[in-house]
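Hi,

Here is the structure I said I would pass on.

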Amino acid sequence: AAKYLWEEKKIVPFLKIDKGLATEENGVQVMKPIPDLEEVCGAAFSNGVFGTKMRSNINSANAEGIKAVVSQQFEVGKVIISKGLVPIIEPEVNINAKDKGECEAILKQEILTNLDTLSESQNVMLKLTLPSSDNFYKECCDHPRVVRVVALSGGYSKDVANEKLAKNSGIIASFSRALT
């Protein structure tokens, strides 16, 4: 199926690998364990999959919690990279968080810190909630280890998501919820 998507339809195939979210702790939900990660990624690569998708959730500006989310995403991402795939790092910030801007500030710093630990052969994509401030993730877009930054609508309507996206150069859309 993945080879067909790329060879016939020119759609880049990705595989969702997370097993859902753990119970909220420190204002975040990390991913549940992924026990078969290496096997699944190896099979995905063999079948022509380009990359993976995995989501965590940030509900409040708790530095310890956000660090845990980003650390886990990058740890899992490095395993994915070792299997020849490109991980989409997706630490979603809840658009209804009362301290969304603070969440984003902590998140951006943690992402940049983790990006700087990657070698020249380790590249990732980022899937981030549209930010409260225009071009807030510009440093992430420009980072040499980032293949692409895609925006998730996070529950914004299509019109609001498009309006916010237009104010963030270097970020492309990935609006599955905004289109439903």
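Before the contacts, one cut-off: a salt bridge here is a side-chain nitrogen of Lys or Arg within 4 Å of a carboxyl oxygen of Asp or Glu. Asp36 and Lys19 meet that rule, with their closest N and O atoms 3.7 Å apart. Asp36 sits in the loop between β2 (28–29) and α2, while Lys19 is in the loop between β1 and β2, so this pair ties together parts that are 17 residues apart in sequence. Both ends are partly exposed: Asp36 has 30% relative accessibility, and Lys19 has 43%. Do keep in mind that this is a predicted model.

The count of salt bridges comes to nine by that rule.

One is Lys16 with Asp18, where the closest N and O atoms are 2.9 Å apart. Which end of it is buried and which exposed? Lys16 is the exposed one, at 53% relative accessibility, whereas Asp18 is buried at 9%.

The other joins Glu92 to Arg55, with the closest N and O atoms 3.0 Å apart. Glu92 belongs to strand β4 (residues 86–93) and Arg55 to strand β3, so the bridge ties together parts that are 37 residues apart in sequence. Glu92 is buried, with a relative accessible area of 3%, and Arg55 is partly exposed at 25%.

Now the aromatics. How many aromatic pairs does a search of the whole structure find? It comes up with two. In one of them, the ring centres of Phe14 and Phe50 are 5.7 Å apart and the planes are at 80°, so the pair is edge-to-face. Phe14 is in strand β1 and Phe50 in the loop between α2 (37–46) and β3 (51–58), so parts that are 36 residues apart in sequence are tied together by this contact. Phe14 is partly exposed, with a relative accessible area of 32%, and Phe50 is also partly exposed, at 36%.

Phe136 and Tyr137 make an edge-to-face pair too, at 5.1 Å centre to centre and 80° between the planes. Here Phe136 is buried, with a relative accessible area of 18%, and Tyr137 is buried at 1%.

Lys10 lies over the face of Trp6, at 5.6 Å from the ring centre.

Together with Val12, Phe14 and Phe50, Trp6 makes a nonpolar surface patch of about 350 Å². That patch therefore includes both rings of the edge-to-face pair described above, Phe14 and Phe50. As for Val12, it lies in the loop between α1 (2–9) and β1 (14–16), and its relative accessible area of 38% makes it partly exposed.

Cheers

Conventions
Residues are numbered from 1 along each chain as its sequence is written. This is a predicted model: local features need pLDDT of at least 70, side-chain atom pairs count only at pLDDT 80 or more; totals for chains, interfaces and linings use all residues. Side-chain values use heavy atoms; hydrogens and water are left out. Patches are made of residues with over 30% relative accessible area and no salt bridge: like charges are joined within 9 Å, nonpolar side chains (Val, Leu, Ile, Met, Phe, Trp, Tyr) within 5 Å. Accessible areas come from the Shrake-Rupley method with a 1.4 Å probe; for residues, only the protein chains shown count as cover. Helices (H or I, at least four residues) and strands (E, at least two) are DSSP runs, numbered from the N terminus. Buried means under 20% relative accessible area, exposed over 50%, partly exposed in between (1.4 Å probe, protein chains only). Rings of Phe, Tyr and Trp (its six-membered ring) pair if their centres lie within 6.5 Å; planes under 30 degrees apart count as stacked, over 60 as edge-to-face and the rest as tilted. A charge sits over a ring if NZ of Lys or CZ of Arg is within 6 Å of the ring centre and within 35 degrees of the ring normal.
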